[in-house]
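Me: I would like to learn how to read a few features of a structure. Please take them one at a time.

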Amino acid sequence: MDIRRFIIAVWMLAGGARLLAQDSILFGPPAAWVTPLSLERNAAQADAAPGESARWLIKDRQINARLNQTYGHEVRQILTSGGVQNFSQISIAFDPTCESLTFHWIKIHRGNEVLDRYERAKIHVIQRESELEDFLFNGLQTAVLALDDVRRGDIIDYAYTITGNNPAFLGHSFGQVAVQMDEPVARLRARVIWPMERPLYLKNYLTSVRPITTRHPDSLEVVWDFKNVPALQVEDSTPIWFRPYPAVELSEFHQWSEVNQWALSLFTNSTPLSPELISQINVWRKLRDPAAQTLAALQFVQDEIRYLGVETGPNAYTPTAPATVFQRRYGDCKDKAFLLVNILRALGIPAFPALVNTDDRQTIADRQPATTLFDHVIAEVMVSGQAYWLDATATYQRGPLAERYHPDYGFALVVRPGAVALTPIPPSGGQPKTTVTDYFQMGRPPDSSALKVVTVAEGADAVRLRRKYATNPREQIEADELNYLAKLYPQITRTAPSVFTDDESGNRVEVDEFYNINGDWSRPPPDNVWWTFHISSHNVDAAMRLPGGAARTMPLGVAYPSHQFYRAEVRIPVAQDIAADDQTIRHRAFYFHRSVNVANQVVYLAYEYHALSDVVPPVEVADYSRQLEQASGLLDFTIASYPPLQ
């Protein structure tokens, strides 16, 4: 284990957190611009609704864009013993490199009593790196207070202010106002104080609410105030890009061109490339054409520059100088993308950073332009007039440029002079495809049977399988494979080690496995005469997941992209009367096909499942479920023999 992994392992054993000094926490009254809310005691109720362990009485958020201050006031009533367990602690996260936290009060209302919990000594500050497993250090600190003596019926009431703004925003402000939450709120308010000389753009999402706006001599005051807001019941299995919560977006930018100007100021390399980097670029310059040069540079940045992000303060948005990233051999997505871009530019190949949102994806086009909307950086590269979208963090990718896979991000903000809009990203090549072929040599029942499993992964599936074999012990992989098949064939044993073959130029990975199946011929009741052997199209079965219910009001997310083939060649010792079969089921969201053929005592099975969309609209879920269930009923195949084969 190298020292980097050792440090991370020690950090993880400690829970990824460390206790810090309390000096970073301030105490004092709210600023004069704040208008606190008073607790309405009639909003509190002693009885809990079924399943309700606590209730929000106040969620108040106030923003002063001129002072870079955000005030929060939260009041929650504890209704059950479960609520005491889960909600008797306060935790507030902030970035100490550019923000400070001030507590105004912490108290408990119990009947007519008000109990002061404003105790500095009991507030701890921890640094918990929640993204450590992804090799990201965000530097956020969390102020934690475990409240003493909390009882059922208590009302926890606290207020605080976070002061500061990330310097990478260059003085610009952005935000979002929640209109509804996953819990009911008796009073939900947002108040924004905005400098009159700076523009403010509002955009509603899934709501038509209008704020109350008041003009002051030097500022604009905008208030959203809601009472008795019901909980939003969010259905499971929605698409990754679906945002169910209504909100109002606030931004200082009106057009994407303004976001581009901001990004251009960050993605500007004022540091010359180092002699070592220039020397490496000159090596790539000798390659035969721009495509080969691009592939070589991409492979180097993907494989030789390890992924590690120290994203504190402005580092969360500002890329590190390419010469530094090359020298230290690590960086996060923006560091690696910017290094690749600068290498290609030095080779005379047009390349630009491209900002994307890995969750919102295509829906980002409907958002109010803002600097905070992007969470990943890739590169747009022009080679011989063809645009390629390349991810410098995608290790274990192989194959030609046209086959380098990226998720369907939908749109990107390409950081280049003159960009005024988002750029559509077409679907990539290298789409995932896996073919599993089971070769059965059936023994006479109840004798054992031989099984050879050949898995061929292409496109993105080849990358996943290549990564799996590169990062896990072979013994563990083989144990996992055996345990997986043992769920289908309980008496299975391995007869030889797996064979792993990697065609990197074609981005094709093959794994061959060898087994013996003993005792899986069965004679089920009631007559105990027929011998049967069940064959499962297991990879297709795993890809076809039935939704939990057909009655939905929100879109259903589908695992996409996914393209699975299952083949079986079953050699039987005695000819049998097995009917040929060919069935196809088509839906807008998937394609399914099964065929059965028999020739020369060999049964040939072929299954295909192809996800065609990542979403099923609510009105189509019932039909989708019906057709998917119909396809699922065709997955298993049973070979039956009467009388017993002998």
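Reply: Start with strands: helices (H or I, at least four residues) and strands (E, at least two) are DSSP runs, numbered from the N terminus. Two strands pair if DSSP finds at least two bridges between them. This is a predicted model, where local features need pLDDT of at least 70, side-chain atom pairs count only at pLDDT 80 or more, and totals for chains, interfaces and linings use all residues. Residues are numbered from 1 along each chain as its sequence is written, and side-chain values use heavy atoms, with hydrogens and water left out.

Me: Which residue is the bridge partner of N204 in β17?

Reply: Strands of a sheet pair through backbone hydrogen bonds, either parallel or antiparallel. Here N204 has V248 as its bridge partner. Five bridges join β14 and β17 in the antiparallel sense.

Me: What is the strand order of the open sheet?

Reply: The order is β12-β17-β14, three strands with antiparallel pairing. β12 (174-178) and β14 (201-205) are the edge strands, each pairing on one side only.

Me: Is D236 buried or exposed?

Reply: Buried means under 20% relative accessible area, exposed over 50%, and partly exposed in between (1.4 Å probe, protein chains only). With a relative accessible area of 55%, D236 is exposed. D236 sits in the loop between β16 (219-229) and β17 (247-251).

Me: How far apart are D236 and P555 in space?

Reply: Their C-alpha atoms are 9.5 Å apart, while 319 residues separate D236 and P555 in sequence.
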